[in-house]
Amino acid sequence: MTRPSVADIEPVGPAGQRGRLARLARTNVVWTLGVLVGLAAVFAALRPEAFAGPFNIRTIFINAAIPVVLAVGMTFVIITGGIDLSVGSVLVFSGVVAAKVMAANGAADADWTVIALGSVAGVAAGTGWGLVNGLLVTKGRIPPLIATLGTLGMALGLAQVATDGSDLGAPRRLTDVVGNHLIARQLPVLALVAAAVAVVFGWLLAATRFGRHTYAVGSNPEAARRVGIRVDRHLIRVYALSGLLAGVAGVLNLAKFSSTTIASHTEDNLSAIAGAVLGGTSLFGGSGTIAGTVVGVLIPVVVNDGLIILGVQQFWLFVAVGAVLVVAVFFDQLRRRLRDRD
Amino acid sequence: MPDPPSPALLSAAGVVKRFGHVQALRGAAFDAYAGEVVALIGDNGAGKSTLVKVLSGALRPDAGSMTLGGEPLDLRDPLDAQRLGIETVYQDLALAYDLDAAANLHLGRETLRRPPLGWLGMLDKDAMRAGAVEAFRSLRITLPDVTVPVRSLSGGQRQCVAVARAVAWATRVVFMDEPTAALGVVQRRQVLDVIRRVRDRGVAVVLISHNLPEVLAVADRVEVLRLGRRVARYASADASVKDLVRAMTGAVTTEDPP
Ligand SMILES: Nc1ncnc2c1ncn2[C@@H]1O[C@H](COP(=O)(O)OP(=O)(O)OP(=O)(O)O)[C@@H](O)[C@H]1O
Ligand SMILES: [Mg+2]
């Protein structure tokens, strides 16, 4: 890990080619991407047929799709200096809401109008939880960790109350066309949706006033306030955005698994946070990119996939992700301390 | 004290501000005239920064009245002040350290692309970068690169960014809370030049500084704050460092008796 120090910054022109390159090299994305490529190369060398074939590559992208959607929202939240632990249970809750609406209007045979209606309801439910998080953090002055831990429990509990503990299925059309469909027999729809989310929200973060204010609020909230940015309102929007994307993930999850069970969503928040942090988003707020987050999500997915192919017990993955997360945060923290010394 | 004949551009009277048990301002008064540099001086903790925050909308006073151009002034937040052409260089600089100089210069006032992309809030980064380069050039402030995070700039360079941001937008009043505190000789002279140039545009420049020779060199007038109250006013031409020190330490009080 290197840090840019004042001495490293060569006096280049404002938009010169060297300026661009230097800026790129300073970003973590390049290094994280190197790690990803390195890991993939190792697995591909060990099991070329099984790992590098089109089927497995597709599997990797399908498995990364839903975590990417969650981690994109998480990136915005972490850049503001916050955290959203509730994404996994908001995903489940949104899936339940969507499934309920669809079940009440045709169930497995529901038509596209019903599916659209249910999806909108699911996304709206997710956004609602996001708004609750935002209000708790800003108006309630509850630390994000606690506020979203509270909504984690509430959303999960309410999802179970609503389903009475039973599992709801999804309409066939939804699972066939969104969950399992391959466009031109190659491109999984799930991965395309995730890619679209990453591109649109990546643009929102990097190129718009909303994104710029997100960085400003995380970087120095008092400074943001003094230039007239409505910090509370912005934070509420960012948490709502995270909730909205958890809602989208809930609908995608329903389409993929035709199920609303909680199983396998308990560590969704861990993987979303790990994705963002591995991708270079600082838990201290103020910096991070969506491109980095996408790479950061792909790393554990690729490792998981490779371990399965190699026949290693998968539970090791959680150990690995947890350890890597702690190490990544340690280095981020160290880097900040060194840099802020002066 | 002899007041200039024209009415003050910005005027405050009886300003009170408490922080819990600490009473930072106890009925402070202040005046600034268009096209002048007025120094606001006082010992540590006299209430200078607090007064500036009140006058720039960053703090709401507990009591007191303010006018701008003769009109009553009620600032709910810094944005109100900015809309009226009042800008501030805060003592803590108030920069977003993860953003670059160009972004900081335009923070809260971003230039957007032309519609339709502008409707979506898309930034015109090239225009802002060019604007920033131009702003620094016109103030003769040299920055190595306006595209690196402000965090990686030196203390003096950061201060220059904060100064450039305020003067780029100010049309009536600019407050500078110790803008030269972290600067070397060359940059200090640069900032003082900037202050004179802004004054010559007809803006009222309010300078807070502990450097009394510097104050007498650059300011047209001096107002002295002590224990949250204005205790003296001088025309720089008529005052010596000794006069200022005596007023700051309470040896003389020429006005606003408790
Ligand atoms: N946010 C705050 N909370 C509590 N007390 C405060 C706060 N801001 C200022 N004070 C107190 O108000 C008094 C005046 O502070 P202020 O910062 O205005 O002084 P100053 O004249 O700017 O001093 P300096 O020359 O050291 O910058 C001090 O006693 C300070 O401790
Ligand atoms: Mg001060």
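**View 1. Two domains of chain B, with 26 Å between their centres.** In this predicted model, the centres of domain 1 of chain B and domain 2 of chain B, taken over C-alpha atoms, are 26 Å apart. Domain 1 of chain B is written in two stretches, 6–85 and 171–258, while domain 2 of chain B runs over 93–169.

**View 2. Where the two domains of chain B touch.** Here 17 residues of domain 1 of chain B meet 14 residues of domain 2 of chain B. Together the two domains bury about 1200 Å², and carbon and sulfur atoms account for 54% of that. Look for Gln190(B), Val194(B) and Arg197(B): on the domain 1 side of chain B, these three supply 36% of the area buried against domain 2 of chain B, more than any other three residues.

**View 3. A closer look at the domain 1 side in chain B.** On the side of domain 1 that touches domain 2, the elements giving two or more residues are β7 (173–177) and α6 (185–200) of chain B. The largest share comes from α6(B), with six residues. Sorted by class, that side of domain 1 of chain B has nine nonpolar, five polar and three charged residues.

**View 4. Chain A meets chain B.** Now for the contact between the chains: chain A brings 31 residues to it and chain B brings 35 residues. Between them, chain A and chain B bury about 2900 Å², with 56% of it on carbon and sulfur atoms. Within chain A, the residues losing the most area to chain B are Arg212(A), Arg226(A) and Val227(A), together 28% of what that side buries.

**View 5. The salt bridge between chain A and chain B.** The rule finds one salt bridge across this interface of chain A and chain B. Its partners are the side chains of Arg226(A) and Asp92(B), at 3.0 Å from N to O. Nine residue pairs are in polar contact between chain A and chain B (both at pLDDT 80 or more).

**View 6. The helices on chain A's side.** On the side of chain A that touches chain B, two or more residues each come from α1 (17–26), α9 (189–207), α10 (209–219), α11 (221–226) and α15 (315–339) of chain A. Which element gives the most to that side? α10(A) does, with six residues. As for residue classes, this side of chain A has 14 nonpolar, seven polar and 10 charged residues.

Technical notes:
Residues are numbered from 1 along each chain as its sequence is written. Chains are lettered from A and ligands numbered from 1 in the order in which they are written. This is a predicted model: local features need pLDDT of at least 70, side-chain atom pairs count only at pLDDT 80 or more; totals for chains, interfaces and linings use all residues. Side-chain values use heavy atoms; hydrogens and water are left out. Contact means heavy atoms within 4.5 Å. Buried area is the accessible area (1.4 Å probe) that two parts lose on being put together, summed over both. A salt bridge is a side-chain nitrogen of Lys or Arg within 4 Å of a carboxyl oxygen of Asp or Glu. A polar contact is a pair of N or O atoms within 3.5 Å; within protein, one must be able to donate a hydrogen and the other to accept it, and residues adjacent in sequence count only if both atoms are side-chain atoms. Helices (H or I, at least four residues) and strands (E, at least two) are DSSP runs, numbered from the N terminus. Ala, Val, Leu, Ile, Met, Phe, Trp, Tyr, Cys and Pro count as nonpolar, Asp, Glu, Lys and Arg as charged, and the others, Gly among them, as polar. Domain bounds come from an automatic or database domain assignment.
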